[in-house]
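Let's take a friendly walk through this protein and look at where its charged side chains end up. Have the 3D view open and follow along.

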Amino acid sequence: MKKTLLLYLFLIIVILGVIGCNKLDTLQKEPKIIKFIYQDGTPALTAAKLAKENPIIDESITIEYEMEKSPDLLVTKILKGEADIAIVPSNLAAQAFNKELPYKIVGTSVWGSLYLASAEDIKNFEELKDKEIYTFGKGLTPDIVLRYVLSKNEIAPDKDVKITYLNAASEVGPIFISGKSNLAVLAEPLLTTVRMKKQDTKVIFDLNEEWANVTGTTKGYPQASLIIKEDLIENNIEFVKQFIDIYEESRKWAKENGEELGEYSEELGISVAKETIEKGIIWTNIESFDIRDGKEEYNAYYGAILDFAPDFIGGKMPDEKIYFER
């Protein structure tokens, strides 16, 4: 009887051990979830190939692609540390760093894509005097870039010109197309849409180019950056390096494959019309991504913001620790 009981106990222990091992094995094989969050619009276009094709970089890691329609929601998720990888406005990267959130800038996703457009023939900054400019993003990058470029070209914002702010970039296009405004700051890819609908649209100033001229930089200003959490870099460095390479390829692919990008955009729900992408949006400095080639531009950008609206980057210049160099 005792022998039978001991045998049963032995069998139960063996069975429980097997079950435990199986559970442990399952847990060990459970893939690590990496959240890649980015904004709808041009940032989403740079990641479209990745999100649609979802390449396997590491069998033990699953990437979840999350596109945010609301800029405010993107900011909230970054400041809560919910993203492992993200494409964010470059000022937000500095803000997060200055709040001691463990994100590193690894490269520039989108260089400046703001343009001053007009229905008039305007050849220089002097001719802007006494005119009204419609724009968006008061106190944010579009506002900072416009005001900085104007002031460095001896045009005093609020004195020599009237700046009228609308709530969103999407509101500027219809106002300009209707003829209510003859001068407007338009961001790509909205600029391409406007030019398709209003044939007499003239790009009088590429604000990225003008920014480069007045700051003495080469590439202009970094509009959006790819950031990655520090612990992901430290613990999964090979995955991170491969991800960066594949993302960089995705950026270049977006410029060279307009028709396919338009299809991907439509399937992914990116709010850029397929016909606009196929028409050919302007990609600025798409070849320049690596942070090692853009530090001068970041320092100039953050320096200008620090003078104009310091809270926009968290009140101080971020130091070199904000950057991750492969």
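Start with Lys35 and Glu66, whose side chains meet in a salt bridge, at 3.9 Å from N to O. This pair ties together distant parts of the chain: Lys35 sits in strand 1 (residues 32-39), Glu66 sits in strand 2 (residues 61-68), and they are 31 residues apart. Keep in mind that you're looking at a predicted model.

Is Lys35 buried or partly exposed? Lys35 has a relative accessible area of 28%, so it counts as partly exposed. Glu66 comes in at 18%, which makes it buried, because the cut-off for buried is under 20%.

How many salt bridges does the structure hold? There are 19. Another one to find is Glu68 with Lys77, where the closest N and O atoms are 2.9 Å apart. Here both partners, Glu68 and Lys77, are buried.

Now hop over to helix 6 (residues 141-152). The side chains of Arg147 and Asp143 meet there in a salt bridge, 3.0 Å from N to O. These two are four residues apart in helix 6, so about one helical turn separates them. Both Arg147 and Asp143 are buried. Elsewhere, salt bridges that share partners join Asp245, Glu248, Asp290, Arg292 and Arg326 into one network.

## A negative patch on the surface

Glu259, Glu260, Glu263, Glu266, Glu275 and Glu278 gather on the surface in a patch of negative charge. Which helices supply at least two residues each? That would be helix 12 (258-268) and helix 13 (274-279). Helix 12 gives the most, with four residues.

Zoom in on Glu260, which is found in helix 12. Its relative accessibility is 33%, so Glu260 counts as partly exposed.

## A glycine in helix 14

Last stop: Gly303, which lies in helix 14 (residues 295-308). Is Gly303 buried or partly exposed? At 21% relative accessibility, Gly303 counts as partly exposed, because buried means under 20%.

Thr276 and Gly303 are 27 residues apart along the chain, and their C-alpha atoms are separated by 34 Å.

Notes: Residues numbered from 1 in each chain as written. Predicted model: local features only at pLDDT ≥ 70, side-chain atom pairs only at ≥ 80, totals over all residues. Heavy atoms only, no water. Patch = residues over 30% accessible without salt bridge, like charges linked within 9 Å, V, L, I, M, F, W, Y side chains within 5 Å. Areas by Shrake-Rupley, 256 points an atom, 1.4 Å probe, with all protein chains shown as cover. Salt bridge = Lys/Arg side-chain N within 4 Å of Asp/Glu carboxyl O. Lys, Arg positive; Asp, Glu negative; His and termini not counted. Charge placed at Lys NZ, Arg CZ, Asp CG, Glu CD. Buried < 20%, exposed > 50% of the residue type's maximum accessible area, 1.4 Å probe, protein only.
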